[in-house]
Protein chains: 2
Amino acid sequence: MTQPGLERRLVDLLSARLPRSPRQLNATHESDAELVRLDGVRYGDVGADGSSPILAVTIDSIEEEIAAGLYTDPFMIGWVAVMASLSDLAAAGASPVGIVMSETLPRDCSDQLVLDLQDGIRQACLASDTFMLGGDTNFGPAIRLTGCAIGMVAGRPLRRTGIMPGDVLYSTGPLGAGNAFALARLLGDAEVPPYRPVARLREGRILSGIASACMDSSDGLFTTLRELVRLNRLGLELDAGWDSWLDRDAGNASSTKGVPPWLFLAGEHGEYELIFSVRPPDAPRLVALTAAAGRPPLRLGVFTSDPGVRVWVGDRLAAVDLPRILDIVEGARADPASCIHALLDVHDNFMTETAHGRDRARLPVDDIPV
Amino acid sequence: MTQPGLERRLVDLLSARLPRSPRQLNATHESDAELVRLDGVRYGDVGADGSSPILAVTIDSIEEEIAAGLYTDPFMIGWVAVMASLSDLAAAGASPVGIVMSETLPRDCSDQLVLDLQDGIRQACLASDTFMLGGDTNFGPAIRLTGCAIGMVAGRPLRRTGIMPGDVLYSTGPLGAGNAFALARLLGDAEVPPYRPVARLREGRILSGIASACMDSSDGLFTTLRELVRLNRLGLELDAGWDSWLDRDAGNASSTKGVPPWLFLAGEHGEYELIFSVRPPDAPRLVALTAAAGRPPLRLGVFTSDPGVRVWVGDRLAAVDLPRILDIVEGARADPASCIHALLDVHDNFMTETAHGRDRARLPVDDIPV
């Protein structure tokens, strides 16, 4: 939910010398949720292999989105605070035990605001078959919600690592709703599409026996892809036609505003789809299982041993400079309008350059399709 | 860590219509940590009774203390953030699995500040034999740490309810350090005693088979007592000589500053001792066990079926109007200096009234010993 690169460096600094649990299964950044084996505890009914169960826990704050003026609706703030935490459990293949939440509220806030916040929290819990276990309240200058979700993994937990060259990349569903919402807010649109992301808990449980790796798209697809190639030291070839990956809101926004479709995948206000990889022999079983559960997955590409991210444009493979694009997104967080203009410049430069047939090797983004 | 009465009302409002887990063992306010039975999971080595293990989870923010100027030292902020969460586990009789923490930092904070915060977190984890599992970082105007501690209860969890008339009240140790620290900060003392509260995890585990109820003193002793009598619908007779319950810092501050000892028990900046009750027949076993573990408990009084809190002064039982005293403490939070003056007025009025032999029935605090 925050500048991913800067956050990563800060997390590294903060965690550098902290004692790690010998029972923890993941290193820093390696999983959406922290995974801890509960020694001395055995599964009874669940999991007949006699192994110790695994606890999944994650913490996430909704704070910067409020400070930036992106989130103003109390219902939505409550909803997203719940879903953001649950999505990390989903990406680990965990089933929620419940959520605790620390809430900071302005001293002079109205009862209606509190009730609307609570209603968002409540509806998100009901929609996810999850419970609020308790919380903590504080007073401060602005609303801030910090949710901590706790879950259990019955089988093998999903992590961000474990991808092999040749593994196929999927999304649990179409993408872009988060960035379509952010763009509409930024442009002061009279009608802003409602942002009601849903944590993909059911899909996460289905994937936990099948996927080789998984991460949610909460910071946008491009951020997720950068993390997956970085952590697994692999490259990625994206399929042709990524404009067809957009959901309805992003597709509408792209055509009505004339914004290139890939910007809705690049922005860091993501959604909560699961971005996951499978070994090629597992792909048919996966598609059958998830389709039976109601949401057929979307194929995005294939991992390669060659580093870098490329995208198929017709019969040609073009480089996508993810670090450069995400630097623009990240560096301009304090000024989102400049960020969008810089990305449009990237796109316009590309169009101009191709139109004039100049050398495209120096371009930050090569051959991005319109 | 916040205005207990106002917080309680806000928590009631926030939790009023939220779905509760059928596996949760405690209602709102009934326990320092939320307690959830993990169905489908059995204890193996730990707990031979074949019952499902119980998860304990708690969330706590260090934010208002920073905004109020009470906490300025990054090491201390990190230390307290860990201990505040662990203390709630201790008060439930749980053993920590680990902690996750959401940290908000100013964008322009120095590396040294981050390292000092981290060192406080690290030392508190090491001192408690606990691990940081992970976290989340955000940028905001001021430092804010939200810690979520997860633990497991091997036997019977401790709650705030379950007290019977005749049960004896104890503290795991002397009290007042938190309020001595707060008073020194408030008065701008050149030398402020270091505030390094310790979560009483070992004591909590010992108590989990013995105590009839337990709650930590994080909001000060008087707040804890008010909650225990309210939740259990009982009264309380405090033993004579409560000035002898003060720890070294509070005792020193009381004598050098001429502040009545009971103010160090009334202020809401507490410490992290466990305040617990036992059935009279269990008292000898308890004293032996805790003394063997290194910290003999401090006897505070006896619960009664008569409502209200009273204190023995010589051979006379005098009323202590906890709600009135805590209203002063609470209502004056925005202006701590006024709060202390109002409490000193309560004390001075009492002294004047007793000196003049007037009717003391109307006094908010009757016969509080100096």
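These are my notebook entries on two chains of a predicted model.

**Ground rules.** I number residues from 1 along each chain as its sequence is written, and chains are lettered from A in the order in which they are written. Local features need pLDDT of at least 70 and side-chain atom pairs 80 or more, while totals for chains, interfaces and linings use all residues; side-chain values use heavy atoms, without hydrogens and water.

**Chain A, overview.** I looked up twelve helices and 13 strands in chain A; these are DSSP runs, with helices H or I of at least four residues and strands E of at least two, numbered from the N terminus. Buried residues (under 20% relative accessible area, 1.4 Å probe, protein chains only) make up 60% of the 370 residues in chain A.

**Chain A, a helix pair.** Two packed helices are described by the angle between their axes and the distance between the axes. Helix α3(A), residues 74-90, packs against α4(A), residues 111-127, at about 35° with axes 7 Å apart. Axes are lines fitted to C-alpha atoms over the stretch in contact, and angles run from 0 to 180 degrees between N-to-C directions. Contact means heavy atoms within 4.5 Å. Residues making the contact include A:Trp79 of α3(A) and A:Leu117 of α4(A).

**Chain B, helix α4.** Which residues of α4(B) are buried? I found B:Val114, B:Leu117, B:Gln118, B:Gly120, B:Ile121, B:Ala124, B:Cys125 and B:Ser128. They lie on the same side of α4(B) because they cover an arc of only 150° around the axis, taken from the directions from the helix axis to the C-beta atoms. On the other side, B:Asp111 and B:Ala127 are exposed, meaning over 50%. B:Asp129 follows α4(B), and its phi is positive, near 60°.
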